[in-house]
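Colleague: Please take me through this model, one point at a time.

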Amino acid sequence: MKKPKKPKRPMLAFAVTEIDDHTGGIVWARTKKAARIKGAARWGYDEPAYVTCRREPWADRFHSKPLPVWVMVANGWHFDCLGCGIRIDEDLPNWQDRCGADDTFRDMLREARRYRKWTPQCVIGHQHSDVFCSQDCKDADDAYRAACKRKEAHAISVFQAKVLKRFPGVTLVTDRDRMHPHAYATSRKRGIVVQQVSVEFEFPGMRYGPASLRWDSPFSSSYRKVEKPYFSCCNGDRAAFEAYAAATRRAAQEPTDRDHP
Ligand SMILES: [Zn+2]
């Protein structure tokens with residue numbers, strides 16, 4: 001006769017947080033020790049001594065389901081809104097706490113109105129997703145990202161047209177998995193502006209890799225602070241690219257400094 005199997009212990013929720021900066025989250029495990037190891041792998045550099053671990057029975061029912069952030073907020077957790085950066089906690093509607101000496105009456109009024117009807121249920125997101133303080137904030141962020149994407153797509157198409165104008169015989173590289181072509185737009189004082197564009201192309205005689213036409217804003221963090229778009233290629237292809245450029249130069253126009261995206 002076989003020995004009856006011991007019933008498995010249920011999965012329980014534990015809060016695991018890093019001991020210094022208190023970042024962490026909820027993990028589910030059968031024992032506290034297992035939860036600590038699991039949490040340390042995520043938030044404590046794989047070192048169980050770097051995290052604290054405590055039981056959070058309210059989160060048991062979310063095992064193998066997305067844990068909504070609003071439930072965490074209602075249980076004392078706090079997050080930063082990805083859209084406006086505000087700290088999301090249960091005190092969010094208390095606008096008085098957030099006003100500083102530099103805030104005008106208008107700022108205070110705006111804050112008071114914005115979160116007048118706010119409850120933790122307004123928070124968008126779950127434990128491992130982007131988190132927004134409200135649907136309005138998410139909508140504004142979505143619109144901003146879409147506008148950036150449009151600017152980036154336009155900059156890429158302008159640069160690709162420049163490449164084909166200068167080198168009509170090349171093949172544009174459109175390997176989106178490897179971020180080719182690439183553009184980056186972000187918000188600056190005068191609105192959304194493109195900071196960087198790079199489009200790649202294969203040219204006759206190429207052996208090592210595609211050449212590119214690239215531009216970096218002088219304000220971008222790139223190491224190369226030039227204002228004009230420039231062509232570049234792999235070191236090993238330099239002679240081939242220069243020969244190809246020389247052979248095609250007659251019909252071509254070099255990019256000018258008016259060619260900014
Ligand atoms: Zn927000």
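Colleague: Which residue in β8 stands opposite Thr171?

Modeller: This is a predicted model, in which local features need pLDDT of at least 70 and side-chain atom pairs count only at pLDDT 80 or more, while totals for chains, interfaces and linings use all residues. Residues are numbered from 1 along each chain as its sequence is written, and side-chain values use heavy atoms, leaving out hydrogens and water. Strand β6 (residues 171–172) runs antiparallel to β8 and is joined to it by two bridges; helices (H or I, at least four residues) and strands (E, at least two) are DSSP runs numbered from the N terminus, and two strands pair if DSSP finds at least two bridges between them. In β8, the residue opposite Thr171 is Glu202.

Colleague: Which residue in β9 stands opposite Val197?

Modeller: Val197 of β8 stands opposite Ala183, in a pairing where seven bridges join β8 to the antiparallel strand β7 (residues 182–188). β8 is also joined to strand β9 (residues 211–216), again antiparallel, by six bridges. In β9, the residue opposite Val197 is Trp215.

Colleague: How many of the 12 residues of β8 are buried?

Modeller: Buried means under 20% relative accessible area, exposed over 50% and partly exposed in between, with a 1.4 Å probe and protein chains only. Strand β8 (residues 191–202) is largely enclosed by the rest of the structure, because the number of its residues that are buried is nine.

Colleague: Which residues on the other side of α6 are exposed?

Modeller: Helix α6 (residues 238–248) has Phe241, Tyr244 and Ala245 as its buried residues. These lie on the same side of α6, because they cover an arc of only 100 degrees around the axis, taken from the directions from the helix axis to the C-beta atoms. Their cover includes α5, β8, β9 and β10 (230–232), where contact means heavy atoms within 4.5 Å. On the other side of α6, the exposed residues are Ala239 and Ala247.

Colleague: What arc do the buried residues of α1 cover around the axis?

Modeller: The buried residues of α1 pack against β1 (12–18), β2 (24–29) and β3 (51–55). They are Ala35, Gly39, Ala40 and Trp43. These residues are on the same side of α1, because the arc they cover is only 130 degrees.

Colleague: Which residue in β2 is the bridge partner of Ala15?

Modeller: β2 is mostly covered, with five of its six residues buried. It pairs with β1 over six bridges in the antiparallel sense. Among these strands, the partner of Ala15 in β2 is Ile26.

Colleague: Which residues coordinate the zinc ion?

Modeller: Donors are N, O and S atoms within 2.8 Å of the metal (3.2 Å for Na, K and Ca), and sites may look incomplete because water is not among the atoms. Along the chain, the donors of the zinc ion are spaced C-x2-C-x48-C-x3-C. At 2.3 to 2.4 Å, through their SG atoms, the coordinating residues are Cys81, Cys84, Cys133 and Cys137.

Colleague: How many residues apart in sequence are the parts tied together by Cys81 and Cys133?

Modeller: Both cysteines coordinate the zinc ion. Cys81 lies in the loop between β4 (79–80) and β5 (87–88) and Cys133 in the loop between α4 (105–114) and α5 (135–166), so the separation in sequence of the parts they tie together is 52 residues.

Colleague: What arrangement do the four donor atoms around the zinc ion make?

Modeller: Four donors count as tetrahedral if all angles lie between 85 and 135 degrees. The ideal angle for four tetrahedral donors is 109.5 degrees. Around the zinc ion the angles are 100 to 114 degrees, so the arrangement is tetrahedral.

Colleague: What is the relative accessibility of Cys133?

Modeller: Cys81 is buried at a relative accessible area of 4%. Cys133 also counts as buried, because its relative accessibility is 0%.

Colleague: What is the relative accessible area of Cys234?

Modeller: Cys234 is in the loop between β10 and α6. Apart from its neighbours within four places in sequence, Cys234 is in contact with Tyr208, Gly209 and Pro210. It is partly exposed, its relative accessible area being 28%.

Terms used
Four donors count as tetrahedral if all angles lie between 85 and 135 degrees; four count as square planar and six as octahedral if opposite donors are over 155 degrees apart and all others between 65 and 115; anything else is irregular.
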